[in-house]
Amino acid sequence: MTEPVVDMRGISVEFPGVKALQGVDFRLFPGEVHALMGENGAGKSTLIKALTGVHKPTGLIRLRGEEVSFHGPGQAQDAGISTVYQEVNLCGNLTVAENILLGREPRRFGRIDGRATRRRAAELLERMGLAIDPGSVLADHPIAVQQLVAIARAVAVECQVLILDEPTSSLDAGEVAELFRIMRVLRDEGVAILFVSHFLEQVYEISDRMTVLRNGRLVGEYRTAELSRLDLVSAMLGRELSVLEELEQQTHPVDERAVLLRATGLGRKGAVEPFDLEVRAGEVVGLAGLLGSGRTELARLLFGADKADSGTLEFDGKPLHLRGPRQAISAGIGFCSEDRKAEGLVADLSVRDNLVLALQASRGWTRPLSKRTKDELVEKYVAMLDIRPATPDTPIRNLSGGNQQKVLLARWLVTKPKLLVLDEPTRGIDVGAKAQIQKLVAELAAEGVAVVFISAELEEVVRVSDRVVVLRDRRKVAELRGTDVDEVMAHIAGGRAAA
Amino acid sequence: MNRLWWALGALVALLVLNVVVTPSFFSIRMQDGHLYGSVIDILKNGAPTLLIALGMTLVIATRGIDLSVGAVVAIAAAVTCEYIATSSDPGSASTALVGMAISLGLCLVLGLWNGFLVAVLRIQPIVATLVLMTAGRGIAMLVTDGQIITVNNETYRSVGAGFVLLPLAILISVAVLALVAVATRKTALGLLIEAVGVNPEASRLAGVQSRTIIWTVYVFAALCAGVAGLMISSNVSAADANNAGLWIEMDAILAVVIGGTSLAGGRYSLTGTLLGALVIQTLTTTVYTAGIAPEITLVFKAVVVVVVILFQSPKVQALFRRRPKRPVAEVLKPQEVAS
């Protein structure tokens, strides 16, 4: 076998308090399409950034057998490693040719030679088999074409390693086919392509080999043809021993309970296909699926965080028309977003203010909670959820992730909700806090609160939930009761494996 | 808190400078039951800026900005004076009161317009309020027909030039300050404004009615500008559509910034804004009393502002924190360097 063009050994990257990568090995051979797989937080983008010189890792990186250490993406690019990101970052007001050769324009008498620029660009586009007029303005083309131009630009620098970070997320099927055709052309010319995508179908169609990461560690390197989808999914999701092992799976006699929420044909274009869902009081419904499967999008529709464009909702026996979160909140629904920082925390405000925010907002500004009520609420929930430090005046940004999450949960608990929608409430928090949150969910259900629970960890979803709804490619594909991880995994992987 | 100290420090420094230049700076004398003195002058002349800066503080706390306040000052002045001047009884108290009421009602509408652009149409605040900043002076010109309108009405004059022991302008601005403090801290308004300013999306998901909140602060800012407009024009018993409140939006924004409220929105400080407004007004007064040449007045002002803002920047503060930790004793002696 030929030598690998990229050989990374024992790569570790550490951020304050987080080990993003721990001793990962990664090899990339010339003339292959290599898929880098893993869920959110697995370390995919950290690995890419370690390779392109954005992060400074510990460990060894060899490029064509020579040890290298890049200080910034510019050096990596000079060494033949080009990256195309999800968002096209080119200049829309310039022509296609100018974009392709930006910063490297052929010059004549010290000035940019426009004619030579167009000619060089045309040659390159022809080599890739692209029928794009090099003299046309970039912004006039659809995103897919802009993406191809970005790739042409990357290839223009004699690149040997091409990194494509989720290039297909905004493309339709025909555009993906075109992208894959060009990837194959480049591969056959000997370019090593590193490909990141959340779409399993595409990974299986285009990649020759894949490397799977999980929680910052290497799971393994596989030939695509030899790895079944089921094995891939289980490699990506893993089977951690949950801290809740001792908490037996409770099966409440929930079927006799009243249906609290009924969604009929609820959906939103480009987010999640229309689905039906029933949630009963005191029931925990888990949503399982890979990232981008539509699990978050579904949860957001239930709360009105995004507006549904089809279907109806019924809550507590009455129709519920959600124009935004406020209607959901006054009906008795609470929601914790998966993006704690951007959509949960009000970082500069104190723990106290964060905790009472939703309750205060629902009362309106003219009916303030008295200082005493606030203090009592805060004291009660800080003790109940074991929030540390127990100093309500601390800005919430100074708390650890787990404690921040507990404050956000408390924000909803004080509103006495009938339904809680929790999107990855245990992500990125320490094991102890995780166990406390799982236990809390079980207790809430026992008190009659309905919970919709999302987690990337299947073990957790299966253990916490009475019922598991599986999503794949933005569609609800299964609803399982008393299920186990294998069955859920089979449905997530789909295709023949589910049969 | 830290930032407040810098604003306070700047104010104290300016006051000390004034005492050095004019030893009688702090003396206050009683005359005809009115208090007079440099300090009183500063407070009185700073009253319109303080009023506008209070409204601006809340707007900035929601991540916004209101550039139109100067134009609103001109409109408020123009409408009131025009009404009084053209009424059948231009000298009576009731005419003045009705005129002021109409004027403030119009300011409320202008605030609603700004709030509508920002909160409902989601136009960037700087652009949305630029509309009224430009158009507003035009409106004021239309109202006054391009003339400077002078009025002779004792009731109206008292708003800007009247005394109840202290100048009425001071009392009005202090009353508004107290009102805002109570309205934001005794209701939940302050919490909700800050939440919207720190993280609008998280606030939306927590059910905060950010639209209403944002709308309210723009209306309040316009009302403050309206009252300031009444003060400014009544002080001279005239409405000058071209010059009333010219550039006052800049002074107000500066006052807010010097007071430590970040233009990025979020936490705000009314005390800080009060200090900021006082710094700016003291600065202006100092320029005159210290006999600084009018050509370099603006440069002097700019230098002081730059210094205050520099000291507030996190990077400069970090420099100050690090410095004492350096082992001072290890600095090489000259002869060691030479050898």
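Biologist: What should I know before reading the model?

Modeller: Residues are numbered from 1 along each chain as its sequence is written, and chains are lettered from A in the order in which they are written. The model is predicted, so local features need pLDDT of at least 70 and side-chain atom pairs pLDDT 80 or more, while totals for chains, interfaces and linings use all residues, and side-chain values use heavy atoms, without hydrogens and water.

Biologist: Which way do the side chains of β3(A) point?

Modeller: In a regular strand, side chains alternate between the two faces of the sheet. Here A:V33, A:A35 and A:M37 point one way, and A:H34 and A:L36 the other way.

Biologist: Which strands pair with β3(A)?

Modeller: Two strands pair if DSSP finds at least two bridges between them. β3(A) pairs in the parallel sense with β10(A) over 3 bridges and with β11(A) over 4 bridges. A:A35 has A:F195 of β10(A) as its bridge partner, and A:H34 stands opposite A:R209 in β11(A).

Biologist: How many residues does each chain give to the contact?

Modeller: Contact means heavy atoms within 4.5 Å. Chain A gives 28 residues and chain B gives 19 residues.

Conventions. Buried means under 20% relative accessible area, exposed over 50%, partly exposed in between (1.4 Å probe, protein chains only). Helices (H or I, at least four residues) and strands (E, at least two) are DSSP runs, numbered from the N terminus.
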